[in-house]
Amino acid sequence: MDIKKLPTFIPGFDHVSHGGLPEGRTTLVSGTAGSAKTVFAAQYLYEGITRNNENGVFVTFEESPADIRRNMIGLGWDIEKLEKNNRWRFVDASPQPGEAPVIIGEFDLAALMARIEHAVTKIGAKRISLDSLGAIFTQFTDANTIRSELFKIAYSIKQMNVTAVMTAERTEEYGEIARFGVEEFVADNVIIFRNILEEEKRRRTVEILKFRGTMHRKGEYPFTIIPGEGLVIIPLSNIKLDQESSEKRISSGNKALDNMCGGGFFRDSIILLSGATGTGKTLTATEFMAGGVKNNERCLLFAFEESRQQLFRNASGWGIDFEKMEKDEKLKVVCEYPESAGLEDHLIHIKAIISEFKPNRVAIDSLSALERISTPRGFREFVIGLNSFIKTQEIAGLFTSTTSDLMGGTTITDAHISTITDSIILLRYVETYGDMRRGITVLKMRGSAHEKHIREFMIDSSGMHIGKPFKEVSGIISGRLVQSNIGSEISRIDNMFESDNK
Amino acid sequence: MSNKYVLELYITSNSSRSEQAITNLRKMCEENLGGDFSLTVIDVLDSPEEAEKAKILATPTLIKKIPPPVKRLIGDFSDSEKILGYINK
């Protein structure tokens with residue numbers, strides 16, 4: 001028989017868990033100190049009450065209910081109000097101030113059990129969280145008694161027809177599941193929360209270790225905690241990359257570039273624009289936006305490198321009026337410092353703005369600016385998450401990426417996303433006889449023929465002007481330029497016959 | 001009219017350990033506290049709200065309210081000398 005799942009309504013978790021927690025069972029949530037176990041335990045109840053009308057009991061062994069109420073207010077959850085309405089009930093098993101009780105002889109935890117049962121029946125709870133089991137061992141010296149009593153409690157909870165979350169403390173991120181061997185009570189389902197310091201960056205992940213008898217996704221999924229929302233898990237594999245891609249073309253905002261691409265970008269595609277600083281990436285992104293607005297599309301630009309004023313000034317320098325476009329609500333420009341938030345938060349923020357603004361095209365300038373605030377692994381996850389999200393929205397995305405070498409080369413960004421982008425456009429400096437010129441080429445265009453030339457382009461007050469192919473230089477892409485006289489001869493002959501490409 | 005000793009004992013009615021604790025305690029009180037005491041027995045199964053208010057986890061739990069300071073003792077109270085020591089402390 002298939003085990004039913006109870007949706008947690010914790011963003012992303014139900015996807016990772018294929019539908020939520022196994023219903024009527026107990027799931028162990030284990031993690032080191034500060035790994036957000038308590039937030040998970042509280043959010044599980046909160047979402048159950050507010051989204052599914054299922055009341056919840058919170059048994060706290062560690063923090064006082066007053067502390068938990070206060071901490072969760074910061075996440076936007078008014079627990080006190082839920083308590084008043086008999087939707088949420090605390091069973092306070094936290095250490096009491098004053099002298100510790102003296103143990104003389106044998107005892108059991110029947111009083112705690114009676115209190116839990118009472119709380120569950122009193123409000124008709126469907127969900128229960130116990131946080132955290134390890135803490136009760138510190139209140140009593142007799143670990144064996146506590147272990148066997150907890151076993152009884154776990155057993156009775158199973159009889160109560162509730163779905164339980166039990167948290168437990170771990171000492172290491174990659175070691176035993178939990179201290180005190182508490183996992184034995186609930187060995188059916190185990191979830192691990194991690195809080196890892198990786199290259200000086202904090203990385204939080206959740207992993208479902210096992211769900212006995214039912215499916216779940218494997219591996220660690222990054223998550224973040226957002227004020228007013230709580231835990232948000234980022235399901236990387238959320239989105240299939242086999243989206244139906246449309247044959248519909250849209251303009252890049254530059255006619256000559258459209259021609260190079262065989263008639264424009266595809267509507268549902270992601271384009272990577274790679275080039276050194278000053279090669280014209282922001283310009284291309286700006287023209288991409290303007291091209292959308294001209295076509296009566298909604299356009300969204302995320303800028304991580306330049307300020308608003310600077311962007312608007314740049315745009316008007318190229319004859320594009322961002323201000324008017326914004327006033328007409330055709331364009332939205334979002335400027336942010338990469339360092340203003342963690343990468344997970346940026347991703348969630350970007351997704352939220354896209355969902356709200358519902359653009360037809362999105363540009364991110366630049367993706368590589370976000371690279372420096374993350375680890376390679378975190379960045380990879382971010383890019384995959386972002387790409388797959390944009391793909392499901394069926395909008396066109398243009399990402400710029402700054403190469404570190406002036407004359408060519410690649411970035412981590414390029415390496416990470418080149419396989420999942422549909423098109424790659426390179427902008428390059430080309431040095432010829434003491435002049436710095438600029439070149440553009442379409443390296444890849446999925447599902448379409450495209451031009452293979454590297455063309456020279458100029459930038460002036462009306463934007464980008466793409467001209468003729470470089471003939472006298474080779475090695476532009478690698479950055480190892482070789483100039484040949486034969487080339488210039490070819491180019492001279494070409495000039496005699498080829499009319500201007502405009 | 002107040003007693004010199006005010007004690008509350010939280011038990012579970014269906015356990016022999018609790019029965020034992022009640023017997024042990026009564027005996028100890030009667031023999032040692034000179035009749036000037038009150039001992040209230042609270043069954044957590046009947047009165048879970050009381051247990052919640054007093055934050056009782058384990059049974060049997062004895063709370064010595066008077067004389068101060070308030071003290072909690074947990075166990076079956078088989079060792080009456082030891083208990084007496086804590087109650088008078």
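Trainee: How much area do chain B and chain A bury between them?

Mentor: This is a predicted model, in which local features need pLDDT of at least 70 and side-chain atom pairs count only at pLDDT 80 or more, whereas totals for chains, interfaces and linings use all residues. Residues are numbered from 1 along each chain as its sequence is written, chains are lettered from A and ligands numbered from 1 in the order in which they are written, and side-chain values use heavy atoms, with hydrogens and water left out. Buried area is the accessible area (1.4 Å probe) that two parts lose on being put together, summed over both. Carbon and sulfur atoms carry 58% of the area here, and the total for chain B and chain A is about 2200 Å².

Trainee: Which residues of chain B lose the most area to chain A?

Mentor: Three residues together account for 31% of what the side of chain B buries. They are B:Glu52, B:Leu57 and B:Ile74.

Trainee: How many salt bridges are there between chain B and chain A?

Mentor: A salt bridge is a side-chain nitrogen of Lys or Arg within 4 Å of a carboxyl oxygen of Asp or Glu. One of them joins A:Asp92 to B:Lys55, with the closest N and O atoms 3.7 Å apart. The count between the two chains is five.

Trainee: Which elements give two or more residues to the side of chain B that touches chain A?

Mentor: Helices (H or I, at least four residues) and strands (E, at least two) are DSSP runs, numbered from the N terminus. In chain B, the elements in question are α2 (48-54), β4 (71-74) and α3 (80-88).

Trainee: In which sense do strand β6 of chain A and β4(B) pair?

Mentor: Two strands pair if DSSP finds at least two bridges between them. Strand β6 (residues 102-103) of chain A has two bridges to β4(B), and A:Ile103 has B:Ile74 as its bridge partner. The sense of the pairing is parallel.

Trainee: What is the order of the five strands in the open sheet?

Mentor: The pairing in this sheet is mixed. Strand β3 (residues 61-66) of chain B runs antiparallel to β4(B), with four bridges, and there B:Leu62 stands opposite B:Leu73. The edge strands, each pairing on one side only, are β6 of chain A and β2 (37-43) of chain B. The order is β6(A)-β4(B)-β3(B)-β1(B)-β2(B).
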